[in-house]
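Please read this briefing alongside the sequence and the model.

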Amino acid sequence: MKRFTISIPEDLKREMDSLPDINWPQVAKESIQKKIQMLDEFECFERSYEK
């Protein structure tokens, strides 16, 4: 599995720290997966619309 680092504003980090039971890396991973799926579906829709 690969790793990458992101930068977030300090106020967002404080909010995240106030919710220690949340698995933030998992939230980020799921959000990225959903975004990719949405973009794939949009591309598929665009291709079908062009025909």
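Lys2 counts as exposed because its relative accessibility is 80%, where exposed means over 50% relative accessible area, buried under 20% and partly exposed in between, with a 1.4 Å probe and protein chains only. This is a predicted model, in which local features need pLDDT of at least 70 and side-chain atom pairs count only at pLDDT 80 or more, while totals for chains, interfaces and linings use all residues. Residues are numbered from 1 along each chain as its sequence is written, and side-chain values use heavy atoms, with hydrogens and water left out.

**Fold and overall form**

- The protein chain has two helices and zero strands, where helices (H or I, at least four residues) and strands (E, at least two) are DSSP runs numbered from the N terminus.
- The radius of gyration of the protein chain is 16 Å, well over the 10 Å that the globule rule gives for 51 residues, so the chain is more spread out than a compact globule; the radius is taken over C-alpha atoms, and the rule is 2.2 Å times the number of residues to the power 0.38.
- Taken along the principal axes, the box filled by the C-alpha atoms of the protein chain is roughly 50 × 25 × 20 Å.

**Surface and charge**

- Of the 51 residues of the protein chain, 2% count as buried.
- Carbon and sulfur atoms hold 57% of the accessible surface of the protein chain, which comes to about 5,400 Å², by the Shrake-Rupley method with a 1.4 Å probe.
- The protein chain carries 9 positive and 11 negative side chains, and the centres of the two sets lie 6 Å apart; Lys and Arg count as positive and Asp and Glu as negative, with His and the chain ends not counted, and each charge is placed at NZ of Lys, CZ of Arg, CG of Asp or CD of Glu.

**Residues along the chain**

- Lys2 has its place in the segment before H1, and its C-alpha atom is separated by 12 Å from that of Lys29, 27 residues apart along the chain.
- Thr5 also belongs to the segment before H1 and, at 74% relative accessibility, counts as exposed.
- Between Thr5 and Lys34 there are 19 Å in space, C-alpha to C-alpha, with the two residues 29 apart in sequence.
- Ser31 is placed in helix H2 and counts as partly exposed at 43% relative accessibility.
- The C-alpha atoms of Ser31 and Tyr49 are separated by 27 Å, the two being 18 residues apart along the chain.
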